[in-house]
Amino acid sequence: PESDDVVIITRTWPEHLDATADAIEAGVRPTVIAEPEVLSWLSRRGELNAHRAPVSLDGLAIETLAYTPIPYAAGAEAFRKVRSAVLRPDRAARRLARRARAPKADPVIVQVTLPDGGRLVHLNLSLHSGTPDAWLDDAAARFGGADWIIVGIDHGEDDAVLARLARFGEGRVLFSDLIND
């Protein structure tokens, strides 16, 4: 990130944190919107312009909502992760070490409201077969009807995501790979 960039951190996976932490350590002072645990962790690396949502910046209104993620490994995915660790223990050890040093905070979905009233909602990986109904009701009421929706689909959760996504209305939907390195 550059000093005039706005970074919104939605997860605490190393892939979501490392570039921002590196920039802060290099003396860049980015504007970062994240959960308090993440902001505290990043501030130990140097100066940043820290914000917690809801916040208005550069004419944008930014809101977040924490969600319960799908379990790290379940069913067939757990088997694949164990298999990968057996075949590449060096890679698995590095990944686990990186995750252990990262801050612990719930992932969030994000809504960005543009100056003209247009809205983009990033649902992250919040929609899955275990998404609580009460959370879905709240999220759809607060963020439904957005002009653009970005959503990721965890392995094997296609039908669950599509069924829950309908609650957010008829906006343009961008499906994104949010789980690969």
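A residue counts as buried when its relative accessible area is under 20%. Keep that cut-off in mind for this predicted model.

Start with leucine 48. Its relative accessible area is 11%, so leucine 48 is buried. Where does leucine 48 lie? It sits in the loop between helix H2 (36-43) and strand S3 (49-51). Now look at what surrounds it. Setting aside neighbours within four places in sequence, leucine 48 is in contact with Ile24, Arg29, Pro30, Val32, Leu39, Leu42 and Ser43. Take valine 32 from that list. Leucine 48 and valine 32 are 16 residues apart along the chain, and 7.0 Å separates their C-alpha atoms.

Next, turn to the strands. Strands of a sheet pair through backbone hydrogen bonds, either parallel or antiparallel. Here, three strands form an open sheet in the order S1-S2-S3, and the pairing is parallel. Strand S1 (6-8) and S3 stand at the edges. Each has a single partner strand, so one side of each is left without a neighbour in the sheet. From one strand to the next, the twist averages 20°.

Follow S2 (residues 31-33) across to S3. Three bridges join these two strands, which run parallel. Isoleucine 33 stands opposite histidine 51 in S3.

Now move further along the chain. How many bridges join strand S8 (residues 148-152) to strand S9 (residues 172-176)? Five do, and the two strands run parallel. Isoleucine 150 stands opposite leucine 174 in S9. Helix H6 (residues 158-165) belongs to this part too. Together, S8, H6 and S9 make a right-handed β-α-β unit.

Notes. Residues numbered from 1 in each chain as written. Predicted model: local features only at pLDDT ≥ 70, side-chain atom pairs only at ≥ 80, totals over all residues. Heavy atoms only, no water. Helix = DSSP H or I, 4+ residues; strand = E, 2+ residues; numbered from the N terminus. Buried < 20%, exposed > 50% of the residue type's maximum accessible area, 1.4 Å probe, protein only. Contact = heavy atoms within 4.5 Å. Pairing = 2+ DSSP bridges. Axes fitted to C-alpha atoms, helices over the stretch in contact; angles between N-to-C directions. Right-handed = clockwise from strand over helix to strand, strands pointing away.
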